[in-house]
Amino acid sequence: MTRYDVLTFGESMMRLTPPGFLRIEQTRTFDIWVGGTESNTAVGLARLGMKAAWLSRLPATPMGRYISNRVGQYGVDVSHVVWADAEERLGIYFHEKAQAPRASEIIYDRKGSAMSRMRPHDLPSGLFEAGLSRLLHVTGITLALSDTARETAHEALRRAKKAGWRISFDSNYRSKLWSGAEAAAGCDYAMSMADVIFCPLGDYQVIYGEATEQEAIKALAEKYPQALIIMTLGKDGAQARAPAGKLLRQPAILAGEVGRIGGGDAFTAGFLYAWLTFADIELALKWGVAMSAQKYTIPGDLPLVDREAVAALVAGASGGGLIR
């Protein structure tokens, strides 16, 4: 028995959003949310009943404790968080919601954050041991934060691999953190070590160049033949290609859009849950799209789903419009 099913590693921030569709320059108040792709994924896994832990670096301030408390309250083990001095800062981002034709906007205020200053020697001793976790999950966002964050992530990957853990990696491209060419070079090492690679088609086209969904997943499979490749396709669902070459496709589940942010992280959580539990790629794709559809109906970044509702979607029940 392992202590954890999945350990995720990365930055979480405080998200400030004007209520309704107010613009930042006109609002008098902000709604506060917690957002970070790796902690989102950990919360999703915990909501599905898995043993999940989240590793990060936070300032020892009320804001840092707010993040840790919020992630921990949903069943994620946050005991491995590295606490930085109170003089360091927490990353923040602003989200201005809009409807067409005005586009929603995200503004980062994360430069020099405590997580971006994490170094390999900050990794908790004794954490990356054989049998302690089944899988380590890392994303391209952590690699893009800073050189030291990337070095720390690489060291975590090496320790996890040495301990016999599986590794999953999500490209999670952010244009405000690095360019496509920088991402291609920066993600290569992690992708070469991964057992599972998540890469949205949109990310692929920015990082590697224009390609159809079939061309893109084939190219990734050839470049990283050791990995199971998972490619999300937006409204067209998702596809997977196993190392043996078999291609699987799963349509999306239509959902009303209440909280779009975190939908990809929810997909990752759903997929990893089913893949680790049932060892069935086709079923894992269904859990991924069902989890993402559920997240779209929930405000905020965290996928605060009910496992039974996700399972019902996987089984084919829509649940739309019903009061339970």
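Ala279 is found in the loop between α8 and α9, in a model that is predicted. Helices (H or I, at least four residues) and strands (E, at least two) are DSSP runs, numbered from the N terminus. Ala279 has a positive phi of about 55° although it is not a glycine. At 67% relative accessibility, Ala279 counts as exposed; exposed means over 50% relative accessible area, buried under 20% and partly exposed in between (1.4 Å probe, protein chains only).

Residues are numbered from 1 along each chain as its sequence is written, and side-chain values use heavy atoms, with hydrogens and water left out. Because the model is predicted, local features need pLDDT of at least 70 and side-chain atom pairs count only at pLDDT 80 or more, whereas totals for chains, interfaces and linings use all residues.

**Other backbone features in loops**

- Most residues other than glycine have a negative phi, and most peptide bonds are trans.
- Asn172, in the loop between β10 and α5, has a positive phi near 40° and is a residue other than glycine.
- Asn172 counts as buried, at 8% relative accessibility.
- Ala100 and Pro101 are joined by a cis peptide bond with omega of about 10°, and Pro101 lies in the loop between β7 and β8.

**The four-stranded sheet**

- An open sheet of 4 strands has the order β3-β2-β7-β8, with mixed pairing; two strands pair if DSSP finds at least two bridges between them.
- The edge strands of this sheet are β3 and β8 (105–109), each of which pairs on one side only.
- Neighbouring strands of the sheet are turned by 25° against each other on average, direction ignored.
- Helix α2 packs on the sheet, touching β2 and β3, and its direction makes about 70° with that of β3. Here contact means heavy atoms within 4.5 Å. Axes are lines fitted to C-alpha atoms, for helices over the stretch in contact, and angles run from 0 to 180 degrees between N-to-C directions.
- Strands β2 and β3 (residues 31–35) pair in the antiparallel sense over 5 bridges, and Asp31 in β3 is the bridge partner of Thr17.
- On β7 (residues 92–96), the pairing with β2 is parallel over 3 bridges, with Tyr93 as the bridge partner of Arg15.
- Strands β7 and β8 run antiparallel and are joined by 5 bridges; Tyr93 stands opposite Tyr108 in β8.

- In strand β2 (residues 13–17), 5 of the 5 residues are buried, so the strand is largely enclosed by the rest of the structure.
- In a regular strand the side chains alternate between the two faces of the sheet.
- Met13, Arg15 and Thr17 point one way from β2, while Met14 and Leu16 point the other way, and all are buried.
- Val81 is placed in the loop between α2 (62–72) and β6 (82–84) and is buried, with a relative accessible area of 7%.
- Leaving out residues up to four places away in sequence, Val81 touches Trp54, Ser56 and Leu58.
- Val81 and Ser68 are 13 residues apart along the chain, and their C-alpha atoms are separated by 8.0 Å.

**Helix α4**

- The 16 residues of α4 (residues 147–162) should span 22 Å at 1.5 Å a residue, and the end C-alpha atoms are 23 Å apart, which agrees. The expected span is 1.5 Å times one less than the number of residues.
- Buried residues of α4 include Thr148, Ala149, Thr152, Ala153, His154, Ala156, Leu157 and Ala160.
- Among the elements covering these buried residues are β1 (4–9), β9 (133–139), α3 (140–145), β10 (166–170) and α5 (180–193).
- Just after α4, Gly164 takes a positive phi of about 85°.

**Helix pairs**

- Helices α9 (residues 281–296) and α10 (residues 307–314) pack at an angle of about 125°, with their axes 9 Å apart.
- That angle makes α9 oblique to α10; angles under 35 degrees count as roughly parallel, over 145 as roughly antiparallel, 65 to 115 as roughly perpendicular and the rest as oblique.
- Residues making this contact include Leu283, Trp287 and Met291 of α9 and Val310, Leu313 and Val314 of α10.
- The axes of α1 (residues 37–47) and α8 (residues 263–278) come within 8 Å and cross at roughly 45°, and the two helices are therefore oblique to each other.
- Among the residues in this second contact are Asn40, Thr41 and Leu45 of α1 and Thr268, Leu272 and Tyr273 of α8.
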